[in-house]
Amino acid sequence: MNEIVTTYHLEMNSVTELNEKTDSKGLSVLEAELDEYRFNRYLYEYIGSPWEWTDKLSQSDSEWAEYVENPNLRTWVAYLKGSIAGYFELLANGDGTTEIAYFGLAESFIGKGFGGYFLSQAIKNAWSIDSTKRVYVHTCTLDHESALMNYKARGFKVYRTETT
């Protein structure tokens, strides 16, 4: 029997809607400015495996390289005391929308108060992309139970819900 999954599509239409959390609790967020598909694949697996991120696992090296080398894709990594604590990818779609394509904290960093600050950084960086007029993201019931609450607390609004 397959589990019923609900997907929430959320959006923010102005930077003024951001309810920023500013206490980093020691987290450093740095952009990975050099494209390296192996690093993105590692982050995807490391951060996503507890949440059943499987859609990209079967992709070949060349598919990963094409994805990561897209000039509209940018990747940021969160570090705490030199250890990877999380990552996010932003994809500027060229139509004024920027997607938070992937966002997550590593399992051992969840529940320690980093999520609000880290998501605030993702949103701020999305809005800093010149063409951005709308930021959107999706989450589902397979993600951490606090994910939807964090998105809403930062100012995102649900605009569509799907159940499969």
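In which strand does Thr98 lie? The legends below describe close-up views of a predicted model, and the first of them takes up this residue.

**View 1. Thr98, a buried residue of strand 5.** Thr98 lies in strand 5, and with a relative accessibility of 0% it counts as buried, because buried means under 20% relative accessible area. Beyond its neighbours up to four places away in sequence, Thr98 touches Leu90, Leu91 and Ala92, as well as Ala126, Ile129, Thr132, Arg134, Val135 and Tyr136. Thr98 and Lys133 are 35 residues apart in sequence, while their C-alpha atoms are 7.9 Å apart in space.

**View 2. The buried and exposed sides of helix 2.** In helix 2, which comprises residues 61-68, the buried residues are Trp64, Ala65, Tyr67 and Val68. These residues cover an arc of only 160° around the axis, and they therefore sit on the same side of helix 2. Ser62 and Glu66, by contrast, are exposed on the other side of helix 2. As background to this view, an α-helix has 3.6 residues a turn, so residues three or four places apart point the same way.

**View 3. The packing of helix 1 against helix 2.** The axes of helix 1 and helix 2 are 9 Å apart, and the two helices pack at an angle of about 95°. Because of this angle, helix 1 is roughly perpendicular to helix 2. Helix 1 contributes Tyr37, Asn40, Arg41 and Tyr44 to the contact, and helix 2 contributes Asp61, Trp64, Ala65 and Val68. Sorted by class, the residues in this contact of helix 1 with helix 2 are five nonpolar, one polar and two charged. Among the contributors from helix 2, Trp64, Ala65 and Val68 are also buried residues of that helix.

**View 4. Phe156 in the largest nonpolar core.** The largest nonpolar core has 49 residues, and Ile100 and Phe156 are those with the most contacts inside it. As a general background, nonpolar side chains tend to be buried together in soluble globular proteins. When residues up to four places away in sequence are not counted, Phe156 touches Leu10, Glu11, Met12, Ile100, Ile123, Val135, Tyr136, Val137 and Tyr151.

**View 5. Trp127 in helix 3.** Trp127 is placed in helix 3, which comprises residues 115-127, and at 15% relative accessibility this tryptophan counts as buried. With residues up to four places away in sequence not counted, Trp127 touches Met12, Asn13, Ser14 and Val15, together with Thr132, Lys133, Arg134 and Val135. Although Trp127 and Val15 are 112 residues apart along the chain, their C-alpha atoms are separated by 6.4 Å.

**View 6. Thr141 and its contacts.** Thr141 is found in the loop between strand 6 (134-140) and helix 4 (147-153), where it is partly exposed with a relative accessible area of 38%. Apart from residues up to four places away in sequence, Thr141 touches Ile4, Val5, Thr6 and Tyr8. Thr141 and Ile4 are 137 residues apart in sequence, and their C-alpha atoms are 8.6 Å apart in space.

**View 7. Asp35 in the loop between strand 2 and helix 1.** The place of Asp35 is in the loop between strand 2 and helix 1, and at 44% relative accessibility this aspartate counts as partly exposed. Leaving aside its neighbours within four places in sequence, Asp35 is in contact with Val68 and Glu69; one of these, Val68, is a buried residue of helix 2. The C-alpha atoms of Asp35 and Ile84, which are 49 residues apart along the chain, are separated by 17 Å.

View 8. Lys25 lies in the loop between strand 1 (6-12) and strand 2 (28-31), and its phi is near 50°, a positive value in a residue other than glycine. Lys25 is partly exposed, with a relative accessible area of 43%. Lys81 lies in the loop between strand 3 and strand 4, and the phi of Lys81 is likewise near 50°, again positive in a residue other than glycine. With a relative accessible area of 82%, Lys81 is exposed.

Notes: Residues are numbered from 1 along each chain as its sequence is written. This is a predicted model: local features need pLDDT of at least 70, side-chain atom pairs count only at pLDDT 80 or more; totals for chains, interfaces and linings use all residues. Side-chain values use heavy atoms; hydrogens and water are left out. Buried means under 20% relative accessible area, exposed over 50%, partly exposed in between (1.4 Å probe, protein chains only). Helices (H or I, at least four residues) and strands (E, at least two) are DSSP runs, numbered from the N terminus. The arc is that of the directions from the helix axis to the C-beta atoms. Axes are lines fitted to C-alpha atoms, for helices over the stretch in contact, and angles run from 0 to 180 degrees between N-to-C directions. Angles under 35 degrees count as roughly parallel, over 145 as roughly antiparallel, 65 to 115 as roughly perpendicular and the rest as oblique. Contact means heavy atoms within 4.5 Å. Ala, Val, Leu, Ile, Met, Phe, Trp, Tyr, Cys and Pro count as nonpolar, Asp, Glu, Lys and Arg as charged, and the others, Gly among them, as polar. A nonpolar core is a set of buried Ala, Val, Leu, Ile, Met, Phe, Trp, Tyr and Cys residues joined through side-chain atoms within 4.5 Å.
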